[in-house]
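User: Could you take a close look at one helix for me, along with whatever packs around it? I'd like one connected walk-through.

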Amino acid sequence: MKKLFIGLSLTVAMLAACGDDEAATKKGDSEQEIAVDKGLLDVELTLPADLFEGQTEDEIIANAKEKGVKEVKVNEDGTVYYKMSKSEHKKMMKDAKQSIVDSIAEIVNSDEYSSIKEISYNKDFTEYDITVDQNAFNNSMDGFAIFSLAISSTYYNGLDGKSDDLKLTMNMIDEATGEEYDSFIFPDDLEDEENTVTE
């Protein structure tokens, strides 16, 4: 398991190294967060620029309007502002939830991630129990599926305004014994591994 996350950490480190300088990297980090303001009748979101990569401003606005967003604006830094009714925000949350549920089913049923046998989760996608063929999992790249779940869960909770100090727990369970053999806290353990690799 640690080998997997060292590999993921190296990927993160390499992406960070692509920035022009430390200031650019810090600016990029700040733009990755979702800002949520829940009012009495409306919900305002500011979404990271990366979510709209490859889309023109007209496309971003048109797609938002199709989803029922009342107001949409592309900011100078590339982030996108949405203002929507609470009911439309609720629908957005429902769609995001269904997307995660569908991804989980795809991971478990896919031959691509054959070592992953079962995934259960709590209602807000902050804790997962992942049953795997431990030996096969440790000798594969199937951990990237777990990493993608962590990213999707972070996005889901961000849309709901719960991104501050968000922790996701991934409990790894050995199919043969039914016992937990490892646990990973995202993003803490990923950051710890990255610091270890760069020291």
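Analyst: Helix α4 (residues 86-109) has 24 residues and reaches 35 Å from its first C-alpha to its last, close to the 34 Å expected at 1.5 Å a residue; that expected span is 1.5 Å times one less than the number of residues. Keep in mind that this is a predicted model, where local features need pLDDT of at least 70 and side-chain atom pairs count only at pLDDT 80 or more, while totals for chains, interfaces and linings use all residues. Residues are numbered from 1 along each chain as its sequence is written, and side-chain values use heavy atoms, with hydrogens and water left out. Helices (H or I, at least four residues) and strands (E, at least two) are DSSP runs, numbered from the N terminus.

Now for the inward-facing side. His 89, Met 92, Met 93, Ala 96, Ile 100, Ile 104 and Ile 107 are the buried residues of α4, where buried means under 20% relative accessible area, exposed over 50% and partly exposed in between (1.4 Å probe, protein chains only). These buried residues pack against β1 (35-38), β2 (42-47), β4 (80-85), β5, β6 and α6.

Two packed helices are described by the angle between their axes and the distance between the axes. Here α4 and α6 pack at about 170°, with axes 10 Å apart; the axes are lines fitted to C-alpha atoms, for helices over the stretch in contact, and angles run from 0 to 180 degrees between N-to-C directions. The two helices are therefore roughly antiparallel (over 145 degrees; under 35 is roughly parallel, 65 to 115 roughly perpendicular and the rest oblique). On the α4 side, the contact (heavy atoms within 4.5 Å) is made by His 89, Met 92, Met 93, Ala 96, Lys 97, Ile 100, Ile 104 and Ile 107. From α6 come Ala 145, Leu 149, Ser 152, Ser 153, Tyr 156 and Leu 159. By class, that contact has 10 nonpolar, 3 polar and 1 charged residues, with Ala, Val, Leu, Ile, Met, Phe, Trp, Tyr, Cys and Pro counted as nonpolar, Asp, Glu, Lys and Arg as charged, and the others, Gly among them, as polar.

Follow Tyr 156 out of that contact and you get to the aromatics. The whole structure has 6 aromatic pairs: rings of Phe, Tyr and Trp (its six-membered ring) pair if their centres lie within 6.5 Å, and planes under 30 degrees apart count as stacked, over 60 as edge-to-face and the rest as tilted. Phe 125 and Tyr 156 have ring centres 5.2 Å apart and planes at 85°, so they sit edge-to-face. Because Phe 125 lies in the loop between β5 (116-121) and β6 (127-132) and Tyr 156 in α6 (residues 143-159), the pair ties together parts 31 residues apart in sequence. Tyr 121, Phe 125, Tyr 128 and Tyr 156 are linked into a cluster by ring pairs. Phe 125 has 0% relative accessibility, so it counts as buried, and its phi is near 60°, a positive value in a residue other than glycine.

Leu 41 lies in the loop between β1 and β2 and is exposed, with a relative accessible area of 65%. Its C-alpha is 6.2 Å from that of Ser 85, 44 residues apart along the chain.
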